[in-house]
Amino acid sequence: MAYDLIVIGSGPGGYVCAIKAAQLGLKVGVVEKRATYGGTCLNIGCIPSKALLHASEMFHQAGHGLDALGVEVAAPKLNLGKMMAHKDATVKANVEGVSFLFKKNKIDGIQGTGKVLGQGKVSVTNDKGEEQILETKNIVIATGSDVAGIPGVQVDIDEKVIISSTGGIALEKVPANMIVVGGGVIGLELGSVWARLGAKVTVVEYLDAILGGMDGEVSKQFQRMLAKQGMEFKLGAKVTGVVKDGKGAKVTFEPVKGGDAVTLDADVVLIATGRKPYTEGLGLAEAGVVMDPRGRVEIDNHFQTSVTGIYAIGDVVRGPMLAHKAEDEGVAVAEILAGQAGHVNYDVIPGVVYTQPEVASVGKTEEELKAAGIAYKVGKFPFTANGRARAMQATDGFVKILADKETDRVLGGHIVGFGAGEMIHEIAVLMEFGGSSEDLGRTCHAHPTMSEAVKEAALSTFFKPIHM
Ligand code: NAI
């Protein structure tokens with residue numbers, strides 16, 4: 001039987017694309033080599049890490065935050081096995097959810113490793129080595145990404161002592177001492193998990209700021225908050241060696257601005273220096289699919305590769321490596337294949353770091369606006385001046401809004417604070433509709449909520465806040 005669409009990869013990009021295409025009447029098959037659907041995100045990424053972030057935050061709160069609220073409890077005891085079981089159960093429920101949705105939408109799941117044989121043909125080889133050839137009108141490559149490692153440094157990741165994010169969600173005991181190489185999203189999220197559970201965490205980062213690419217003010221203040229929580233930072237430090245040593249490992253780094261190399265010992269080293277597009281064994285070159293100079297699949301504005309009928313979305317193509325960006329591309333490509341006008345607005349893709357407090361951002365940073373020569377105004381509001389935040393002892397952080405100086409159109413929003421990852425979406429919706437800071441500031445916000453700080457930041461952008 002010929003398909004309208006074969007999607008290779010069932011991560012958030014692939015499975016969402018498949019569901020949308022099926023909803024639009026296409027006959028869809030999804031090729032997945034893993035035993036379960038959901039890709040990196042559901043199996044070993046976003047979902048399990050969020051289960052551990054939540055559970056470790058509860059553990060930390062029980063030990064540190066409740067007393068001040070008049071809730072006196074005995075020192076909490078960690079049952080890491082049970083915490084991991086909670087994580088595993090969360091993953092199971094989510095991957096089974098995708099299976100259910102495939103059945104509901106009459107999508108064929110095809111277990112095995114997919115390979116593109118050219119326009120309209122995909123080979124799938126299962127665990128037993130049996131190959132089948134699928135005929136299809138269109139192919140979507142949604143194979144995601146893999147751990148990049150440290151460029152130019154040979155690192156033997158054993159997922160026990162020297163770990164990637166995969167080992168970082170599955171340690172059997174809390175290390176006394178953990179070094180995180182890379183102060184990006186994975187390093188800070190998983191570093192937070194193990195720090196809350198009792199590890200001494202040191203982050204070694206090449207740049208002179210954590211969360212490179214985020215608004216500079218956000219990054220600086222956030223680093224201070226993490227340092228207050230006990231995390232240590234070595235910035236402007238290029239890691240040049242990670243080697244096993246006895247039961248632990250040694251990490252060597254050189255100051256970027258010059259100086260002597262430093263070597264630190266750790267029980268566990270987390271390598272969190274980025275991810276690379278996963279295209280191995282897909283047969284893309286043989287099929288004539290052109291790659292860009294950074295090893296990503298090159299696509300046009302309609303997600304089509306250099307070969308007609310072969311499309312690509314998510315981490316294998318340009319743009320931020322984010323599950324929700326992949327999902328939106330999946331929807332857009334499904335709509336295009338169904339004859340509709342699929343489109344993704346890359347100017348309004350939120351980014352969230354699920355630490356405590358959370359960091360969330362959408363649109364432009366101050367640095368980007370400066371670099372682009374755009375005249376802008378800034379409005380800020382701290383959670384220390386928000387009643388609800390005080391009531392919840394969640395006063396760390398602030399909201400920052402950037403708007404065009406002339407038109408007042410909101411160009412960016414940045415939030416550090418409890419629940420930032422939820423609050424960011426009102427700024428995203430506003431931006432999607434081309435709204436101004438005055439539109440946001442004049443929108444009635446329920447009292448008392450953390451979101452009132454967003455309104456107040458908007459008020460300060462075009463005039464003055466009330467509560468400051
Ligand atoms: P990243 O690109 O966010 O951060 C990697 C960091 O490692 C950079 O700051 C870089 O300067 C540093 N680095 C590179 N080489 C180094 C060296 N030799 N020495 C010291 N530092 C070095 O990558 P990360 O954190 O591994 O995440 C991978 C991808 O997964 C990212 O695209 C991220 O957006 C995505 N992700 C998103 C999450 C979220 O949205 N909450 C959660 C986890 C991952």
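Predicted model: local features only at pLDDT ≥ 70, side-chain atom pairs only at ≥ 80, totals over all residues.
Colleague: Which elements each supply at least two residues of the shell around the ligand?
Modeller: Residues are numbered from 1 along each chain as its sequence is written, and side-chain values use heavy atoms, without hydrogens or water. Helices (H or I, at least four residues) and strands (E, at least two) are DSSP runs, numbered from the N terminus. The elements you want are α6 (185–196) and β12 (237–245).

Colleague: How far from an oxygen atom of the ligand does a backbone N or O atom of Gly274 lie?
Modeller: Gly274 is among the residues that come nearest in the 21-residue shell, where near means a heavy atom within 4 Å. For comparison, a backbone N or O atom of Val185 lies 3.3 Å from a ligand oxygen, and a polar backbone atom of Ala272 is 3.4 Å from one. For Gly274, the distance is 2.8 Å.

Colleague: How much of the ligand does the protein bury?
Modeller: Accessible areas here come from the Shrake-Rupley method with a 1.4 Å probe. Alone, the ligand exposes 840 Å², and the share buried by the protein is 78%.

Colleague: Which residue of β22 is the bridge partner of Val359?
Modeller: Strand β19 (residues 358–363) pairs with β22 in the antiparallel sense over 6 bridges; pairing takes at least two DSSP bridges. The bridge partner of Val359 in β22 is Val416.

Colleague: Why is strand β22 largely enclosed by the rest of the structure?
Modeller: Buried means under 20% relative accessible area (1.4 Å probe, protein chains only). Strand β22 (residues 410–417) is largely enclosed because its buried residues number 8 of the 8.

Terms used. Polar contact = N/O pair within 3.5 Å; in protein donor to acceptor, adjacent residues only side chain to side chain. Buried < 20%, exposed > 50% of the residue type's maximum accessible area, 1.4 Å probe, protein only.
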